[in-house]
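Here is a short briefing for a first look at this structure. Start with the view below, then read on by topic.

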Amino acid sequence: MPTRQATHDRTRQSGAAGPQVVAIRTAFPPYQYRQEEILAALARTTLLESETGALVLRKIHANSGVETRSLSLPLEKLVELAHREDFTEQNRIWLDTAMELGEQALTGALRTAGVRPEEVDAVISTTVTGLAVPSLEARLAHRVGLRPDVKRIPLFGNGCAGGAAGLARLHDYLLAHPGQVAVLLAVELCTLAHQRADGSVANIVAGSLFGDGAAAVVAFGARRGGRTAGPELVDTHSLLVPGTEDVLGWDIGSHGFRILLSPEVPTLTEKHLPTAVQGLLARHELSPDQIASWIIHGGGPKVFTGVQQALGLQPSALELTRRSVAERGNLSSVSVLDILHAAMETPPPANTPGLVAAMGPGFAIELVLLRW
């Protein structure tokens, strides 16, 4: 039986095409605020109301690299919700908003791709900021006109790595079904999870970074007609670091979703990202200096530094990531899709490689190799 390496070698030598991204669309709530406005509101909703606490809050916000963010609710209503500490109400608002933004992103991506809803063969959804059973893609299927026999793949728990993991599962599905159409839907409403009674540094950092939004990706299998100039999904790679379950994620309880965010994240990124990247690129006889576009999840300034140092990149390599964070904040699983959307508007030369990378709970690293 041929090895995975031999299979990749034959694919590369034959120039065989793989699944291709043909359209991405994003959707954001209409309530956009400057960072200083959000800072002032959060100072009234955390346990840092002292002068010292306010200084800490201002320092963290100033170093976040975020300029504006879109929120699921008007700021004054978001403050009221945080004071009520009602997870039932919070999750209801999450579901209503997620359905609205998810529909906008999904129908927009299908329209851009020139695909009718009934032509979609599989839909993957990813979220980590709310709970819904049936899952989001099941609730949206009939609402947007997907077929009753559409294959559904709901993902939960990947956190910030969910966008890259979702692209990887798109690749896997369409590699097995090359004549089909598949879509990925990511919806994250991070600000609804803010915890008023949590004065931890992790909660303050999260409150300074995270924003709300949705993204949808339409991809074609290699034998599906109508391919465009979008990037090919060439290969994927995952790395799950043992003993890191408490580094990043949620503490879920009656209080809702309480953030777990260890200071170790940048260090773990710097230590393990090169191993994952080199493992993927080696299968295709590539090196980091040959990558034309870096689609890196915008975890925050310290993660930017960790990525640059780990991979020996120039600051310009993360320009699209920094721009996404400045304009939107950290969108969890939506971030890499927002960045990939921007990259598709001004793509690098044809046949050059790109790399999608995102880190999430686990501690997990998810990678997708692209060919433009």
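Ser 125 stands opposite Leu 185 in E6. Two strands pair if DSSP finds at least two bridges between them. This is a predicted model: local features need pLDDT of at least 70, side-chain atom pairs count only at pLDDT 80 or more, and totals for chains, interfaces and linings use all residues. Residues are numbered from 1 along each chain as its sequence is written, and side-chain values use heavy atoms, with hydrogens and water left out.

**Strand E6 and its partners**

- Helices (H or I, at least four residues) and strands (E, at least two) are DSSP runs, numbered from the N terminus.
- Strand E4 (residues 122-127) and E6 run parallel, joined by 5 bridges.
- On E6, strand E7 (residues 212-220) pairs in the antiparallel sense, over 9 bridges.
- In that pairing, Val 181 stands opposite Phe 220 in E7.
- Buried means under 20% relative accessible area, exposed over 50%, and partly exposed in between (1.4 Å probe, protein chains only).
- Val 181, Val 183, Leu 185, Val 187 and Leu 189 point one way from E6. Ala 182, Leu 184, Ala 186 and Glu 188 point the other way, and all are buried.

**The chain as a whole**

- The chain has 12 helices and 13 strands.
- Its radius of gyration is 20 Å; a compact globule of 372 residues would have one near 21 Å, so the two agree. The radius is taken over C-alpha atoms, and the globule rule is 2.2 Å times the number of residues to the power 0.38.
- Along the principal axes, the C-alpha atoms fill a box of roughly 65 × 45 × 35 Å.
- Of the 372 residues, 58% are buried.
- Among contacts with a separation of 6 or more, 81% link residues 24 or more positions apart. Contact means heavy atoms within 4.5 Å.
- The chain exposes about 15400 Å², and carbon and sulfur atoms supply 53% of it. Accessible areas come from the Shrake-Rupley method with a 1.4 Å probe; for residues, only the protein chains shown count as cover.

**Two residues up close**

- Ile 153 lies in strand E5 (residues 151-156). Ile 153 counts as partly exposed because its relative accessibility is 28%.
- Not counting residues up to four places away in sequence, Ile 153 touches Val 123, Ile 124 and Ser 125.
- From Ile 153 to Leu 209 is 56 residues in sequence and 29 Å in space, C-alpha to C-alpha.
- Ser 324 sits in helix H11 (residues 319-328). With a relative accessible area of 6%, Ser 324 is buried.
- Ser 324 touches Gly 329, Ser 335, Asp 338 and Ile 339, again not counting residues up to four places away in sequence.

**Backbone details**

- Val 133 and Pro 134 are joined by a cis peptide bond, with omega about 5 degrees. Pro 134 lies in the loop between E4 and helix H6 (136-144).
- Another cis peptide bond runs from Gly 362 to Phe 363, with omega near -15 degrees. Phe 363 lies in strand E13 (residues 362-371).
- Glu 285 is not a glycine, yet has a positive phi of about 55 degrees. Glu 285 is in the loop between helix H9 (265-282) and strand E11 (293-296), and counts as exposed at 63% relative accessibility.
- Asn 351 has a positive phi too, near 70 degrees. Asn 351 is in the loop between helix H12 (335-345) and strand E12 (353-360), and counts as exposed at 61% relative accessibility.
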